[in-house]
Amino acid sequence: MSSSTKAPAGHFTILYFASASSHTSKSSEFFAAPLPISKLFPKLEDQYQGFKAKVLDSSLVTVNLEYVDIPDTPAEDEFMIKEGDEVAIIPPVSSG
Amino acid sequence: MPSEISEENCFVALTTDLLDAKQIMDRVRSTTRDNFAGKPVKELEYTSYEPRALQSMLTICKAIVEKHSLTSIAMIHRLGIVPIAEESILIAVSSPHRQAAWKAGEEALEECKQKVEVWKKEEFGGEEGGVWRANRDGATGVRVEKGEEERPAQGPHGPILRPKVPGERGHGAVVRPNAL
């Protein structure tokens with residue numbers, strides 16, 4: 001799985017791993033930027049029915065390799081996903 | 001020339017040769033766990049968010065070195081298909097104190113299993129398909145096939161044993177890189 005997937009202008013990259021990849025049948029795709037972080041899960045649920053309950057509710061999110069909090073409700077000063085960002089859905093891990 | 005004796009699953013030897021870690025590890029290889037809840041596992045497949053996983057491994061290693069006053073530590077995880085009875089992870093530590101080394105090794109493994117962005121799919125063979133494992137509670141993970149609605153009542157990745165804290169989504173505490 002490469003993290004060098006370059007998004008086209010005005011877009012960000014989203015990476016899917018493990019159960020997130022199984023559910024979407026994709027390892028990555030592009031979405032239009034900017035996007036407030038609180039809109040990410042609703043947008044993904046729109047696109048992939050049942051994604052939230054099955055995968056997202058137990059997943060974390062990174063933006064450019066850093067973990068970010070997902071607010072339950074939109075806020076004035078919330079984190080924005082920008083053009084060119086690399087977002088990843090991180091389901092519960094299982095190394096070893 | 002080594003002199004050796006073995007009985008059942010115990011092997012002992014004396015040698016003047018250079019000690020070969022792989023050779024002695026091969027002696028215990030068949031004891032690796034090869035089933036989950038009684039179901040035989042055919043093989044494991046690991047996938048990773050590589051740059052993120054490497055960062056987490058480094059953060060863990062630096063914290064363990066500091067905590068146990070180690071001389072050094074090395075950690076490697078195998079990706080892709082790993083046949084049963086082959087190692088998926090190796091951790092080596094050096095330390096002036098033997099006890100600290102054992103403790104550090106175990107702790108490094110536990111930290112890795114909890115935090116490193118690597119995912120294991122267990123392949124049972126037959127029609128059942130693979131299952132993404134979650135390193136929590138020994139619960140059965142998420143079946144790979146789409147469209148099956150059968151969920152364990154307690155949640156997608158196993159029973160929830162305590163209330164969530166803000167920002168937590170089923171992994172345990174939210175990991176802040178470089179803040180271990």
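Keep in mind that the model is predicted.

Take Cys61(B): the cysteine sulfur nearest to its own belongs to Cys112(B), and that is 8.4 Å away. A disulfide here needs two cysteine sulfur atoms within 2.5 Å, so at 8.4 Å Cys61(B) is in no disulfide. Cys61(B) is also buried, with a relative accessible area of 10%.

Strand 6 of chain B covers residues 72-77, and its side chains alternate. On one face sit Ile73(B), Met75(B) and His77(B), which are buried.

What does strand 6 of chain B pair with? Its partner is strand 8 of chain B (residues 89-94), in the antiparallel sense and over six bridges. Within this pairing, His77(B) stands opposite Ile89(B).

**A buried loop residue**

Tyr49(B) lies in the loop between strand 5 (43-48) and helix 2 (50-68) of chain B. Is Tyr49(B) buried or exposed? Its relative accessibility is 2%, and because the cut-off for buried is under 20%, Tyr49(B) counts as buried. Tyr49(B) and Glu117(B) are 68 residues apart along the chain, yet their C-alpha atoms are separated by 5.9 Å.

**The annotated residues**

An unreviewed UniProt entry places the feature "binding site" at His97(B), Arg98(B), Lys113(B), Lys120(B), Lys121(B) and Glu122(B). These residues spread over 26 residues of sequence and are also spread in space, with up to 37.2 Å between C-alpha atoms.

Lys113(B) is found in helix 3 of chain B, residues 98-115, while Lys120(B) is in strand 9 of chain B, residues 118-123.

| Residue | Relative accessibility | Class |
|---|---|---|
| Cys61(B) | 10% | buried |
| Tyr49(B) | 2% | buried |
| Lys113(B) | 26% | partly exposed |
| Lys120(B) | 6% | buried |

Now for the contacts, leaving out residues up to four places away in sequence. Lys113(B) is in contact with Val93(A), Ser95(A) and Gly96(A) from chain A, and with Asn135(B).

Technical notes. Residues are numbered from 1 along each chain as its sequence is written. Chains are lettered from A and ligands numbered from 1 in the order in which they are written. This is a predicted model: local features need pLDDT of at least 70, side-chain atom pairs count only at pLDDT 80 or more; totals for chains, interfaces and linings use all residues. Side-chain values use heavy atoms; hydrogens and water are left out. Buried means under 20% relative accessible area, exposed over 50%, partly exposed in between (1.4 Å probe, protein chains only). Helices (H or I, at least four residues) and strands (E, at least two) are DSSP runs, numbered from the N terminus. Two strands pair if DSSP finds at least two bridges between them. UniProt positions are given in the numbering used here, feature names are shortened, and annotations may be inferred rather than shown by experiment. Contact means heavy atoms within 4.5 Å.
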